[in-house]
Amino acid sequence: MTDTPIHVFLSHGLESGPGSTKIQAMKTEAETFPDIKAHAIDHSSTRDPATRLAQMREAMAQHGANPAHTILAGSSMGGWVCAQTCSETPVLGCFMLAPALAMARYPQSSPVIRARQCQIIHGWNDDVVPIAPVLDLARDQGLPILALPDGHRLENSLDRVVSEFREFLQTCLSDMNQP
């Protein structure tokens, strides 16, 4: 594979934490890959999107993560953090669950996703982050999106989310071996 580790940074939503069910399920899945080091960032000290963005940057620097070997994964506000991070610093992968995109109260609410691989998963019945603007953003940027019959927390789709994340990680690892 590579001598450089692949770092996966997981960013939780506004009302959850690094120990949330989704974040821990994805972290556990990432850790099944021998070359991956997974990090669940604790954003619980702030509700401010810009501060959480700075925390992501700090975590990447602290772990010496090479952006070309970095995968970001986040839910809700954490999805926005991942999207905004990779709009500033292109990464290997960006995996977003019900990302808080195209929302007026967020700075840069429609960032241009700059990741070699991207996946958005959103619930059709999301009553926190409306799906329509996220669909528009995905269409405008040519990003893959999977809409599931679920709500914002995607709690009825956890197995599917983890399965999609596993596939996403495999795709990212394969992509690293391409020129």
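Are Phe95 and Phe165 buried or exposed? Both are buried (under 20% relative accessible area with a 1.4 Å probe, protein chains only; exposed is over 50%, partly exposed in between).

## About the model

This is a predicted model, where local features need pLDDT of at least 70 and side-chain atom pairs count only at pLDDT 80 or more, while totals for chains, interfaces and linings use all residues. Residues are numbered from 1 along each chain as its sequence is written, and side-chain values use heavy atoms, leaving out hydrogens and water.

Searching the whole structure turns up two aromatic pairs (Phe, Tyr or Trp rings, six-membered for Trp, with centres within 6.5 Å; planes under 30 degrees apart are stacked, over 60 edge-to-face, the rest tilted). Phe95 and Phe165 make a tilted pair, 4.9 Å centre to centre with 55 degrees between the planes. Phe95 sits in strand E4 (residues 91–97) and Phe165 in helix H5 (residues 158–176), so this pair ties together parts 70 residues apart in sequence.

Phe95 also pairs with Phe168: the centres are 5.3 Å apart and the planes at 50 degrees, so this one is tilted too. Phe168 is in helix H5, 73 residues from Phe95. Helices (H or I, at least four residues) and strands (E, at least two) are DSSP runs numbered from the N terminus. Phe95 has a relative accessible area of 0%, and Phe168 has 6%.

## The cores

The largest nonpolar core has 27 residues (buried Ala, Val, Leu, Ile, Met, Phe, Trp, Tyr and Cys joined through side-chain atoms within 4.5 Å). Helix H3 (77–88) gives the most to this core, with five residues. A second, separate core of 25 residues includes Phe168 and Leu169.
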